[in-house]
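Biologist: Could you take a close look at one part of this model with me? I would like to hear about the ligand site and what surrounds it.

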Amino acid sequence: MRTLLKLLSDGEFHSGEDLGVDLGISRSAVWKKLQQMEAETGVEIHKVRGRGYRLPSPLLLLDQQWLQNGQSDVDWSIHVYDTIDSTNAEAMRLVALGSSMPLLILAEQQTAGRGRRGRKWVSPFAENLYYSVALRIDGGMRQLEGLSLLVGLAVLRTLHEAGVSGAGLKWPNDILVGQRKLAGVLLEITGDPADVCHVVIGIGINVNMRTAEEVDQAWTSMALESGINFDRNRLAARLGIHLHHYLAAHREKGFGAFQAEWEANHLWQNRPVMLLTASNAIEGIVVGIDAVGALRLRVGEQVKVFSGGELSLRLREHSSL
Ligand code: BTN
């Protein structure tokens, strides 16, 4: 499928005959492949009698070689898929198979993208970044402390550098513009965190997506925020460089070194919020985070500390944003 997509990616017309010659198949086999591709990716193919086939607009696909060169100081082996259930799930499978770490999985499309708290992550073809890094962690609970918040900082640095200056963080690891979600982080851990474990850092960034009826929360994308389309290869390479840098500093100094930077980028700092737990809703004012990334909330006269992947924050004054 990738070869056929690459041939068509310039957005120009290509005759069935030429495509057949390039692929070494018959014209009718080309037609079948195009139909299959349309069904699998949702990418529309225009067919005009006498001229051939073309995509509605040029398509810049992820390029493994370009990415490897674009982040040459980052020693991660890179795997790029056209379609996968979930890049996190694939990373977990490669961990289970004993693949050498670290590795980076990217996909053009996810058929079962996973979000936090059991949500689905909508992942249309060739529009966004679906990005998972798998790391081996040897005997260091400390290396996991605040890790998902730290990843949020690396994503934010990448977005600001790309010119999306309105993006900020929401505890624990959402990236928002205003109240609209632009990117999310999902960490999955396997093994024994006190001994040897593997962590998969899953990052989803809405890059060039402009419509998506299936998303069940307020969302935005880099393209919607800035009015331009972004090169996902360049973005992924910059993300790799920033993430690599933040991870190395975190290993050396711990999350405490990033507490102030994180709070400075927290959109809901000092805001009245509702913290939703599995069984409870707690009202308070956000004081900040602690040295391991737990939320510090003023509840009545006390400052209480909360942590855990299933917690979620809501603002209590929607009208003022
Ligand atoms: C969230 O709910 O905020 C987290 C979303 C994380 C989505 C990314 S996309 C790449 C990786 N693979 C997945 O299945 N999920 C994460």
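Before we go in, how far apart do the C-alpha centres of domain 1 and domain 3 lie? After that, please walk me through the ligand site and the loops around it.

Modeller: Happy to! Please keep in mind that this is a predicted model. The C-alpha centres of domain 1 and domain 3 lie 53 Å apart. The domain assignment gives residues 2–54 to domain 1, 64–263 to domain 2 and 268–315 to domain 3.

Now to the ligand. There are 20 residues around the ligand, and those that come nearest are Ser86, Gln110, Arg114, Arg116 and Lys181. Three of these have polar pairings with the ligand that I can spell out. Ser86 places a polar side-chain atom 2.8 Å from an oxygen atom of the ligand. Gln110 also uses its side chain, with a polar atom 2.9 Å from a ligand nitrogen. Arg116 takes part through its backbone, where a polar atom lies 2.6 Å from an oxygen atom of the ligand. As for cover, the ligand taken alone would expose 410 Å², and the protein buries 99% of that.

Which elements supply this shell? Helix H5 (87–96) and the strands S5 (129–138), S8 (180–191) and S9 (196–205) each give two or more residues to the shell. The largest share, four residues, comes from S8. Sorted by class, the shell around the ligand holds 10 polar, six nonpolar and four charged residues.

Ser123 sits in the loop between strand S4 (103–110) and S5. The side chain of Ser123 also reaches the backbone oxygen of Trp121, at 2.7 Å. Ser123 counts as buried because its relative accessibility is 7%, and the cut-off for buried is under 20%.

Most residues other than glycine have a negative phi. Arg117, in the loop between S4 and S5, has a positive phi near 50°. Ala126, also found in the loop between S4 and S5, has a positive phi near 60°. Their exposure can be read against the cut-offs: Arg117 counts as partly exposed because its relative accessibility is 33%, whereas Ala126, at 9%, counts as buried.

Peptide bonds deserve a look too, since most of them are trans. A cis bond joins Met101 and Pro102, with omega about -10°. Pro102 lies in the loop between H5 and S4. Another cis bond joins Trp171 and Pro172, with omega about 0°. Pro172 belongs to the loop between strand S6 (167–170) and strand S7 (174–177).

Let me finish with helix H8, residues 232–253. H8 has 22 residues and spans 31 Å from its first C-alpha to its last, close to the 32 Å expected at 1.5 Å a residue. At the start of H8, a side-chain oxygen of Asp231 comes to within 2.8 Å of the backbone nitrogen of Asn233. After H8 comes Gly254, with a positive phi near 85°.

Conventions
Residues are numbered from 1 along each chain as its sequence is written. This is a predicted model: local features need pLDDT of at least 70, side-chain atom pairs count only at pLDDT 80 or more; totals for chains, interfaces and linings use all residues. Side-chain values use heavy atoms; hydrogens and water are left out. The expected span of a helix is 1.5 Å times one less than its number of residues. A polar contact is a pair of N or O atoms within 3.5 Å; within protein, one must be able to donate a hydrogen and the other to accept it, and residues adjacent in sequence count only if both atoms are side-chain atoms. A residue is near a molecule or strand if one of its heavy atoms lies within 4 Å of it. Accessible areas come from the Shrake-Rupley method with a 1.4 Å probe; for residues, only the protein chains shown count as cover. Ala, Val, Leu, Ile, Met, Phe, Trp, Tyr, Cys and Pro count as nonpolar, Asp, Glu, Lys and Arg as charged, and the others, Gly among them, as polar. Domain bounds come from an automatic or database domain assignment. Buried means under 20% relative accessible area, exposed over 50%, partly exposed in between (1.4 Å probe, protein chains only).
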